[in-house]
Each structure stands twice: as structure tokens, then as C-alpha cells.
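Colleague: I have a new model open on my screen and would like to walk through it with you. Could we take it piece by piece?

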Amino acid sequence: MSGEMWTPELAILRGFPTKAERQQWKQEGIVGSESGSFLQLLLEGSYESIFLNSVTQNILNAMTIAEEGIDSYLEKQIVTFLDYSTDLEKSERQQLIFLLGVSSLQLFVQSNWTGPPVDLHPQDFLPSVLFQQFSEAKGLDAVVLSLLILDGESVYSLTLKPILLLLARVILVNVRHKLTAIQSLPWWTLRYVNIHQQLLEERSPQLFALAEYCIDQVMKLENLFVDDSGRYLAVQFHLECAYIFLCYYEYKKAKDQFNVAKNIGKLQINLTGALGKRTRFQENYVAQLILDVRREGDVFPGYELSPAPTPQEHLTNNFELNDDTVLNEIQLADCEQFQMPDLCAEELAVILGVCTNLQKNNPVHKLTEVELLAFTSYLLSQPKFWAIQTSALILRTKLETRSTRRMERAMRQTQALADQFEDMTTSVLERLKIFYCCQVPPHWAIQRQLAGLLFELGCTGSALQIYEKLEMWEDVVICYERAGQHGKAEEILRQELEKKETPSLYCLLGDVLRDHSYYDKAWELSRHRSARAQRSKGLLHLRNREFKDCVECFERSLKINPIQLGVWFSLGCAYLALEDYGGSAKAFQRCVTLEPDNAEAWNNLSTSYIRLKQKVKAFRTLQEALKCNYEHWQIWENYILTSTDVGEFSEAIKAYHRLLDFQDKYKDVQVLKILVRAVIDGVTDRSGDVATSHRGKLQELFGRITSRVTNDGEIWRLYAQVYGNGQSEKPDENEKAFQYLSKAYKCDTQSSGWEKDMTSFKEVVQRALGLAHVAIKCSKNKSSPQEAVQVLSSIRLNLRGLLSKAKARLEAVTLKKAAPGAEHVLWTWGSFMEKLLDQGKIDDKDLPPEPTEKAFPWS
């Protein structure tokens with residue numbers, strides 16, 4: 001943007017002026033102008049007064065009104081004022097419209113997020129002629145809400161004063177190209193995006209594209225983030241960007257923005273351990289997880305450019321735990337060691353942002369809860385700002401609902417958070433301090449949280465009462481469905497449809513009755529713009545395993561709104577069922593792009609790549625899946641197979657260890673065979689290294705396996721192969737191979753029925769004779785004759801046992817012709833062992849030949 005920034009813009013972004021700025025405005029003559037009076041009202045929080053001002057009335061009122069939409073009417077009036085009004089200078093006209101747009105947004109936030117309730121109605125600032133087509137104010141609200149629908153995603157039906165958001169959109173989005181004198185306009189447009197998105201059922205691609213454009217425009221402003229004032233604003237801007245990226249599944253970008261904000265403030269934020277007590281009767285101090293925050297230097301020397309703390313009596317009450325065992329907060333052994341610095345609003349907001357990022361990027365787990373509670377405890381120990389206090393308390397109540405000792409406080413705290421919206425003691429100015437950096441939920445979301453808590457406690461009636469009051473019919477349906485009152489759920493929806501037909505209600509009725517006709521009705525009613533209708537219809541097809549129809553519905557829904565994480569995942573599953581692996585790969589790829597920590601999507605993406613014979617891609621995607629969920633044993637099973645296929649032998653060994661962590665007696669002989677063959681043959685792995693280098697790791701793995709799985713002869717034989725199978729030049733390796741082969745032979749002969757099956761019998765005989773060869777080799781390296789005799793005696797017993805079994809089998813008529821050579825071979829080896837034991841030594845030329853297939857001519 002060209003030109004100089006209007007002087008009050010920084011103060012408007014900040015929410016308050018400094019003394020120096022007020023003095024400058026007087027010198028520049030801003031105070032006495034029309035825009036100066038608007039500016040004064042805005043900074044005082046008197047947003048209603050701006051709408052009741054005669055200038056606003058003149059802008060928004062027209063002598064004649066054509067038949068057009070209310071959004072078109074508002075835009076036409078504003079453009080007319082900007083282009084044709086002769087009473088004021090062009091720059092001042094732009095300033096007035098800008099201030100009107102900011103006031104609209106702030107007043108809308110007050111009406112739906114912060115409170116206290118707003119006593120302003122559209123009739124107070126819009127011409128009465130405009131209302132002639134509406135029988136009541138609700139009719140206007142319904143029209144405006146329909147205008148706020150984006151990408152087929154509906155807006156919350158009980159949104160208060162929606163006309164204010166529509167006016168803000170007209171000024172901050174539709175006519176922003178005419179407000180060239182306002183350099184900070186893109187930042188306010190970004191704030192509008194943040195607010196509008198929270199009203200929609202799903203993410204809007206239109207809003208995300210607008211947000212990215214605005215972020216880019218703000219980053220180009222050279223004079224916005226300079227000097228001390230710029231550092232405070234820079235922290236706020238990067239935090240707001242981070243929350244936008246989090247909302248649209250851009251987790252890496254969000255993390256980068258949080259880090260930038262933290263680095264500007266030069267904060268060190270670390271979870272650490274400290275000795276402390278958590279219970280009243282605890283005698284010894286033990287390690288507790290706490291948050292340690294330190295500054296690197298004095299980045300913010302004066303706090304006059306940061307919002308002043310709100311008096312504590314005007315903040316939401318932080319209830320004590322009042323438990324007979326657990327302390328309200330951790331009692332540290334050395335409080336001096338972890339003294340908290342006195343933090344300003346931006347620094348506290350950075351800590352809250354880091355906490356939010358931690359929550360978004362970690363699974364729901366007990367350890368994650370403890371870490372998040374350390375953050376909330378720290379934030380609540382410095383009660384200074386309404387938005388930060390509210391955000392921290394909301395997070396803490398969500399975490400505490402899982403604890404029986406903290407459930408009561410969570411209930412009381414949630415009730416207090418819901419009630420504070422109506423409280424008139426805290427001004428809107430205090431509530432809006434640092435508001436856009438905290439992601440405070442709208443007031444109906446807090447009431448919904450309260451209803452959910454009541455429902456979990458079994459207070460279904462109270463929960464239903466809140467849900468019905470909020471017109472959250474989906475939650476009402478869920479309550480009745482869980483209570484088994486399916487008929488009541490249908491009755492409620494039909495009653496609401498009699499009052500007014502909406503696509504959302506028809507979709508809910510379709511969900512209850514599982515009837516496609518209601519989704520079709522919703523689709524027609526929305527004029528083919530309801531992403532929800534096709535989404536719900538597709539899910540019903542998926543439930544009925546009608547995969548082809550399901551894919552068509554999901555594709556239609558995604559064409560309207562491509563930022564639907566759940567739909568992309570379901571579409572991928574449907575394509576997998578249809579064996580369209582190209583389609584499933586595309587769907588799951590989109591899914592992991594939206595949510596990079598979705599382990600199931602990564603796993604399914606790897607399955608698609610495996611079926612497409614793209615095994616290297618499958619290997620990489622499984623690595624991503626394991627980053628997201630390290631505890632998913634099915635992913636590890638896929639990982640070990642894929643690692644083996646692509647030649648990542650080291651990773652396959654690591655995966656086998658992990659599967660042993662999950663299943664004590666896990667075994668996969670095929671994988672072990674491949675690993676052993678790769679190590680013995682010196683196969684080159686995917687990185688170009690020879691697999692022989694993994695021999696030590698493989699030996700360690702077999703040691704762990706055989707300590708748990710002791711009755712599998714095949715595993716013992718593979719273990720022996722890793723040590724050379726008795727043919728090594730190292731005597732100690734031959735000794736180990738002999739031990740493992742002996743255990744393998746024992747496992748074979750202890751299994752039932754092997755002597756009755758000729759194939760099994762032949763294998764056992766061959767293994768016994770092979771074991772005899774290894775025994776002879778080992779006996780030569782024994783230090784004493786007694787040890788050698790002991791080794792050979794065990795082998796002689798094995799051969800004698802087999803000889804007796806062979807004789808028994810040869811007596812059977814059916815086998816006399818089948819195995820004429822078996823007895824001879826066993827007798828030869830038995831005689832050899834007898835001779836060896838008697839003489840104590842033997843020449844190698846007397847050693848019988850190793851058994852071959854010809855030695856056993858049975859078929």
C-alpha cells in the first residue's frame with residue numbers, strides 16, 4: 001500500500017491510545033473532526049453510539065429503495081457515500097467507513113462472544129422501508145444468516161445481530177479496494193475472517209483464501225511493526241495468524257507463527273520438574289511437572305503500549321478446588337527457584353498460544369493432560385485479562401471433567417463461564433483486550449460445553465433443556481438417541497420443520513430415520529449448495545456398503561467445500577472398498593494435507609501405495625503415521641512388512657522390537673527368514689549399505705524373541721544361521737549354533753504326529769544328522785575329553801531314538817516300500833557315533849556323508 005498510515009490506526013489495532021498519541025491527534029486536528037468523534041466512541045467501547053450517530057444514519061438511509069438484497073443495499077449506500085458525498089474530504093469519508101466497519105465487527109463480537117448483551121436493533125440504524133418485506137425482526141435475521149452461508153456450510157441459527165457481521169463484511173471485504181487511505185485494513189479483514197469462520201459448520205475455502213491474502217498484505221506493511229509499539233503489535237499479529245492456520249489444519253505454519261511470536265518476546269517457555277506436594281497428607285516432596293517461563297533481556301521496557309490489566313474483581317471467578325485430599329495448587333519445596341516474572345498481555349497470550357499448539361499437536365493422553373494443566377495453572381496464577389482468563393479456565397474445565405476429584409469444580413466453573421456473558425459489571429473494553437489473540441469461543445459454545453458436562457453426569461433432562469434453548473438439534477437428537485427415545489428425536493425435528501424448513505433439519509431427520517429422501521429434500525431446498533446434505537447422504541451409503549453411490553455423494557460435497565477432513569477420509573475408505581487405489585491415494589493424500597497428524601489416514605495412504613506397487617512411498621507414509629501414533633500396533637505390522645520389502649532392514653528390526661513391546665509372544669517367521677537371508681548373503685539395503693552390518697542387531701533381536709517364544713524350532717534354526725549354522729571359523733559361534741540347533745531339534749521332536757507323516761519324519765532325520773555334523777565339529781574344540789563325550793552322547797541318544805522310531809515305522813506294511821533307505825542311514829550314523837565314543841577320536845575320512853535327498857528315497 002502506498003502513502004502514510006493514518007495516525008490513529010495503531011491505537012485502533014491496539015484497542016487504546018497512549019497519552020502521546022492523544023496529544024498528536026489534537027495537534028493534527030483529528031479530535032474535532034467527524035472521524036475524530038467516531039474514533040473517540042470506538043476507543044471508549046460505545047459502539048452502539050456510532051450506529052445511532054446522525055452521520056451513520058445518513059450513510060445507511062436512502063430516499064428510495066429498489067428491490068434488492070440487503071447486502072447489495074448496504075454496499076450501494078456505502079459506495080455512494082465514498083464516491084459522491086461532497087460534505088467531507090475523500091480521506092475522511094474512508095476513515096468514517098473504516099471506523100464503522102470496525103465498530104460493526106466489535107459490536108458483533110460483543111453480541112456473541114464477550115457480552116454484555118447489546119441493546120441495539122437493526123431498526124435503530126436502517127430505514128423502516130427496508131423492513132416492510134419482513135413481518136418481524138427474525139425474518140431479517142434469517143435472510144442475513146442465509147447471506148452469510150459460504151461454501152455450502154450453514155451458520156449457527158441463533159447468531160445474534162447477524163446484520164452487524166454482514167455490514168462488517170461489506171466494508172472490510174466487498175469495498176476494501178475503495179479504502180486506500182487505511183493501511184491496516186487487511187488486518188481487520190483477517191479478524192473478520194476469524195469471526196465468520198467460527199459461525200460456520202465446516203471450514204470455508206473462500207475464507208481461508210481471503211485470510212492468506214490478508215496475511216500477505218499485512219506482512220508487506222513496512223511501517224506497522226517498527227519501534228516499541230511495533231513489537232507489541234507484531235506479537236499480536238503472529239498469534240492471530242497462528243490461530244487462523246490452526247483452524248485450517250495448517251499445523252506447521254501455525255507452529256512457525258507461534259515460534260515467531262515467542263522469539264519476538266524473547267521468552268523461554270519450558271516444562272520442567274520441581275519438588276513439590278500435590279496432596280494435603282503428603283509427607284515428602286516428589287517431582288512435579290510445572291511450567292518455567294523466563295525472559296531473555298528486557299524486550300518490552302514500558303507497558304504503556306500494552307493493555308493495562310483488568311481489576312481482578314472484574315475477571316471471571318477462578319473457583320478453588322476445595323477437595324479434602326488434593327491441594328488447590330502444587331506446593332513447591334523451593335518457591336524462590338521458580339519465581340514468575342510479571343508478564344504483560346502479549347507475553348501471556350504467547351504462553352496461551354504455545355499451550356494451544358501443544359494441545360492440537362498431541363494425542364488425547366494422560367501425559368498431555370498433565371502438561372496442559374501445567375500451562376493453565378501458570379496462566380491462572382497471573383489473573384490480568386478477561387480473554388486470557390476465560391480461555392485458560394475453559395481449557396482447564398475440559399481437562400478436569402475426566403477427574404472424579406475435580407469434576408465438581410469443573411461443573412461450577414463452566415456454569416460461571418456461561419453466566420459471565422450476561423454480567424454487566426465488566427465493560428466490553430476490558431473483555432476485548434487481547435481478544436483476537438486468545439481464540440475465546442462464542443457464548444453458545446460454552447453453554448454447549450456445560451450441557452455436554454451435564455449429559456456425561458447423567459443429567460439428561462438439564463442437558464436437553466440447554467440444547468433445545470440453543471436450538472442445537474443435532475445434540476438434542478444425540479441425547480434422545482442415547483436415551484433410546486428414537487421416536488422423540490423424530491418428533492422434535494418434525495415440529496421444527498413445521499415452523500420452518502431448513503436443509504440442516506432435513507439432514508438431521510435423514511440421520512435419525514436413515515432415509516435418503518430427506519437428504520434429497522435438503523439438497524433441493526439448498527438449491528444444490530448444501531455440502532452437508534451430500535455429506536450425510538454419502539455416509540448413509542457408506543454405512544449400507546453402497547460404495548459407488550457413496551463416492552458420488554462425497555465428490556459432490558467436496559466440490560462445494562474441499563476443506564472437509566472427515567469427508568476426504570470417508571471417500572478414501574470407499575475407494576479402498578472399490579479397489580480404486582488411485583482414488584483412495586488421492587483422497588488420503590488430501591486428508592493428511594489437511595491434518596498431518598492423522599495416523600489412520602497415513603496408514604490407509606500407505607495401503608493404497610502398496611496396492612499400487614509404490615512401496616517406497618508406502619514406507620515413507622508409514623513413517624509419518626508412526627510419528628502421529630507410536631502406539632498403534634497395526635501400523636507397526638504394516639511398517640515391518642513394508643520395511644522388509646523395500647530393503648530397510650534396520651527399520652524392520654526396530655519394528656519387530658516394537659511389536660514385541662505390544663505382544664509378548666509376537667512372531668513372524670517369514671520376516672525373520674528374509675532378515676537372516678539378507679544378513680548371511682550380504683544383501684545391499686535401500687541406503688546402499690551391506691546388510692551384514694546388521695548381524696549384531698539381528699542377534700540381539702533373536703535373543704529377545706527366543707526368551708519369549710521357546711517352542712518354535714524354525715526360529716531356533718534361524719537363530720543358529722545368524723551364528724553361522726555351525727560352519728563358522730569361530731568356535732564360540734559354532735557352540736552357540738549347536739545349542740540353538742539342539743533346541744530346534746527338541747522342539748521338532750516334542751511336537752505331536754511328526755513321526756506319522758513321512759515328509760515331517762524325513763525333515764527331522766535330516767536335521768538330526770546335520771546336528772550330528774555340528775556336534776562333531778564342536779567336540780573337536782572342547783578343552784577336555786569329558787566335555788566332548790557329553791556333546792556326542794546327546795547326539796547318540798537322538799540318533800538311537802530316531803532309529804527306534806524308524807524301525808517302528810518300517811514294520812508297517814504301507815511304509816516298507818516307501819522308505820527302504822532310512823534305517824540304513826540312521827544305522828550307519830549310529831554305528832559311527834558308537835565308534836567315536838569308544839575310541840575318543842576319529843579321522844575325517846571315516847565321517848559318513850551328510851544326508852541328501854537320495855539317502856531318503858521315499859516320495
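Modeller: Gladly! Let's begin with helix α21, where the cover over the buried residues includes α19 (443-456), α20 (460-470), α22 (486-499) and α23 (503-513). Keep in mind that this is a predicted model.

Colleague: Which residues of α21 are buried?

Modeller: Helix α21 takes in residues 473-482. A residue is called buried when its relative accessible area is under 20%. In α21 that applies to W473, D475, V476, V477, C479 and Y480.

Colleague: How are α21 and α23 oriented, roughly parallel or roughly perpendicular?

Modeller: The axes of α21 and α23 lie 10 Å apart, at an angle of about 15°. Angles under 35 degrees count as roughly parallel. That makes the arrangement of α21 and α23 roughly parallel.

Colleague: And is the crossing of α21 and α23 left-handed or right-handed? Which residues meet there?

Modeller: From α21, the residues involved are W473, E474, V477 and E481. As for the hand, α21 passes α23 in a crossing that is right-handed. On the α23 side, the partners are L505, L508 and V512.

Colleague: Which residue with a positive phi follows α21?

Modeller: The phi in question is near 80°. The residue that has it is G484.

Colleague: Let's move to another helix pair. How do α25 and α26 run relative to each other, roughly parallel or roughly antiparallel?

Modeller: Helix α25 covers residues 531-543 and helix α26 covers 547-560. Their axes come within 8 Å and cross at roughly 160°, in a left-handed crossing. Contacts between them involve, among others, L539 and L542 in α25 and F547 and F554 in α26. Angles over 145 degrees fall in one class, so α25 and α26 are roughly antiparallel.

Colleague: For α7, what end-to-end distance does the model give, and what should the helix span?

Modeller: Helix α7 has 25 residues, 90-114, and 23 of them are buried. At 1.5 Å a residue, α7 should span 36 Å. The C-alpha atoms at its ends agree with that, being 34 Å apart.

Colleague: What comes just after α7?

Modeller: There is a residue with a positive phi of about 75°. That residue is G115.

Colleague: Now the sheet: which strands stand at its edges, and why is one side of each left without a neighbour?

Modeller: The sheet is open, with 3 strands in the order β2-β1-β3 and antiparallel pairing. Each edge strand has a single partner, so one side of each is left without a neighbour in the sheet. The edge strands are β2 (286-295) and β3 (326-332).

Colleague: How many bridges join β1 to β2, and which helix lies across them?

Modeller: Strand β1 (residues 267-279) runs antiparallel to β2, and A274 stands opposite Q288 in β2. The number of bridges joining β1 to β2 is 10. The helix across β1 and β2 covers residues 345-360 and runs at about 75° to β1; it is α14.

Methods: Residues numbered from 1 in each chain as written. Predicted model: local features only at pLDDT ≥ 70, side-chain atom pairs only at ≥ 80, totals over all residues. Heavy atoms only, no water. Pairing = 2+ DSSP bridges. Helix = DSSP H or I, 4+ residues; strand = E, 2+ residues; numbered from the N terminus. Contact = heavy atoms within 4.5 Å. Axes fitted to C-alpha atoms, helices over the stretch in contact; angles between N-to-C directions. Expected span 1.5 Å × (residues − 1). Buried < 20%, exposed > 50% of the residue type's maximum accessible area, 1.4 Å probe, protein only. Parallel < 35°, antiparallel > 145°, perpendicular 65-115°, else oblique. Left-handed = near helix turned anticlockwise from the far one by under 90°.
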